Amino acid sequence: MAIDEGATLSEAARRRGLHGLLVYTFLMVTGFAMLMPLVAVHFVNDLGMAAAAVGLALAVRQLTQQGLALIGGVLSDRYGARRMICLGVLLRAAGFASLAFADALPMLLCAMLLSALGGAMFEAPYQASIAALTDENTRPRYYAISNWISGVATTLGPLLGVALLHYDFRVVCLAAAACFAVNFLVALRLPQVRMPDRPPPLRHGLDLVRGNRAFIVLVGLMMLYWFVAVQINISFPLLAQRLTGTVDSVGVMFALSAGLTVALQYGLVRWLERRWSSAQVLVAGVVVMSLAAGAIGLVRDFAGLLICVGAFSIGALMTRPTQQTLIAGLADPRALGTFLGVSSLSLAVGGGIGNIAGGWMVDLAATKQWPWLPWAVFCVVGLASAFGLHQATRVRRERAPVVAES
């Protein structure tokens, strides 16, 4: 989303746009959360597909969405964020609706690819819209509210999905698709920042990214962060089930994490940011996550794991809005979509490697009788990320010009 300096939006228009984006966020996360956790359950337990095949389909969706998000960002800089968001949510709605009729692996893969393509088209423009409608003063508070709403939606989504599953899996798919169809109407009401009369070449945004060393360093360091952060979805559930022998413990673990997010996300982050900078909150959050992950190597029962999961979740809720604030602050306003698209590569690469390495190391630890191995690795990688983030943001602060008070 390239911003034309002459097309300044009124404060009322900005507020309406940000309120619309909060509604959009709630529907987006609710629709996703009500369906995705049930995909494996339906296709493995109900249709008898191999778990590895369903896992492959889920991996294809994530890698495709995050890997192609850069394209959505580049296109949003050229054609406008609102258009790309509208296109993306319609594709996601079509993908989720087609899941209702998938009964074989090829159809499942096609539905996942269509859903991923939709996400790739709307994710960077959505983030770019937030960055364009906020400034350095309002952005931290907005991200804190947005992440709190995401936490509520993440909690409600699976509950709605399970309730609708009593009727039929198709009902779940169509309800999730409906959330994104409604988001198409929400996106139509978002303010459109006027594009330049002559759209910049497609390479223009990428050239700006290459010239922004601080942004590239931050994206690289966030790959290490995501390597650790995604373990809540892979290594933690595996350990929970092994400690208890029941899948119900995984639900308890996620309920604890979601509950802490809803209860603490907005208030804790706002309280910390009155005392520390966004960079300091981010670094502290990564340290808490890393130490909590490392401590799991010392626990021998489910209660101990829940304590570590609670600490990990608190660290995670500290990092979510602050890393978004820092990334948006470093992005060049002339190519916000491209910058936010490039930033998604940190999740695509770091998260992808984290998912693969996490599962492999948990299995290796069980085979070799080294229960501490994966958790020690996660701790070291996370602390390396925190140290790098501290150094990078410290250098920026030292280089920042000093403005005399008048």
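A crossing of two helices is left-handed if the near helix is turned anticlockwise from the far one by less than a right angle, and right-handed if clockwise. Helices (H or I, at least four residues) are DSSP runs numbered from the N terminus. The views below come from a predicted model, in which local features need pLDDT of at least 70, side-chain atom pairs count only at pLDDT 80 or more, and totals for chains, interfaces and linings use all residues. Residues are numbered from 1 along each chain as its sequence is written, and side-chain values use heavy atoms, with hydrogens and water left out.

**View A. Helices α1 and α4 pass each other in a left-handed crossing.** Two packed helices are described by the angle between their axes and the distance between the axes. Axes here are lines fitted to C-alpha atoms, for helices over the stretch in contact, and angles run from 0 to 180 degrees between N-to-C directions. The axes of α1 and helix α4 (residues 105-133) come within 12 Å and cross at roughly 155 degrees. The two helices are therefore roughly antiparallel, a term used for angles over 145 degrees. Contact means heavy atoms within 4.5 Å. Among the residues of α1 that meet α4 are R14, L21, Y24, M36 and F43, and the α4 side includes L108, M112, F122 and Y126.

View B. M121 is found in helix α4 and, at 8% relative accessibility, counts as buried (under 20% relative accessible area; over 50% is exposed and in between is partly exposed, with a 1.4 Å probe and protein chains only). Leaving aside neighbours within four places in sequence, M121 is in contact with I71, G72, L75, M84, G88 and L91. M121 and I353 are 232 residues apart in sequence, and their C-alpha atoms are 23 Å apart in space.

View C. A nonpolar core is a set of buried Ala, Val, Leu, Ile, Met, Phe, Trp, Tyr and Cys residues joined through side-chain atoms within 4.5 Å. The largest such core has 101 residues, of which L35, F43 and L99 touch the most other members. Not counting residues up to four places away in sequence, L35 touches F96, L99, F169, V172, C173 and A176. A second, separate core of 6 residues includes V281, A284, L317 and M318.

**View D. Ala153 lies in helix α5 (residues 139-165).** With a relative accessible area of 0%, A153 is buried. Beyond residues up to four places away in sequence, A153 touches F26, V29, T30, A33 and P158. Between A153 and S249 there are 96 residues of separation in sequence and 21 Å in space, C-alpha to C-alpha.

**View E. Arg82 reaches the backbone of Leu190.** R82 is found in helix α3 (residues 81-99) and counts as partly exposed, at 28% relative accessibility. A polar atom of the R82 side chain lies 2.7 Å from the backbone oxygen of L190. R82 touches A187, L188, L190, P191 and Q192, not counting residues up to four places away in sequence. Although R82 and P191 are 109 residues apart in sequence, they are 7.9 Å apart in space, C-alpha to C-alpha.

**View F. Helices α11 and α12 also pass in a left-handed crossing.** The axes of helix α11 (residues 278-295) and helix α12 (residues 302-330) come within 7 Å and cross at roughly 150 degrees. These helices are therefore roughly antiparallel to each other. Residues of α11 including S278, V281, L282 and G285 meet residues of α12 that include C308, F312, M318 and T322.

**View G. Thr322 lies in helix α12.** T322 is buried, with a relative accessible area of 0%. The side chain of T322 reaches the backbone oxygen of T319 at 3.1 Å. Leaving aside neighbours within four places in sequence, T322 is in contact with E273, S278, V281 and L282.

**View H. Ser346 has its place in helix α13 (residues 336-368).** At 2% relative accessibility, S346 counts as buried. With neighbours within four places in sequence left aside, S346 is in contact with V219, M222, M223, W226 and G351.

Conventions:
Polar contact = N/O pair within 3.5 Å; in protein donor to acceptor, adjacent residues only side chain to side chain. Parallel < 35°, antiparallel > 145°, perpendicular 65-115°, else oblique.
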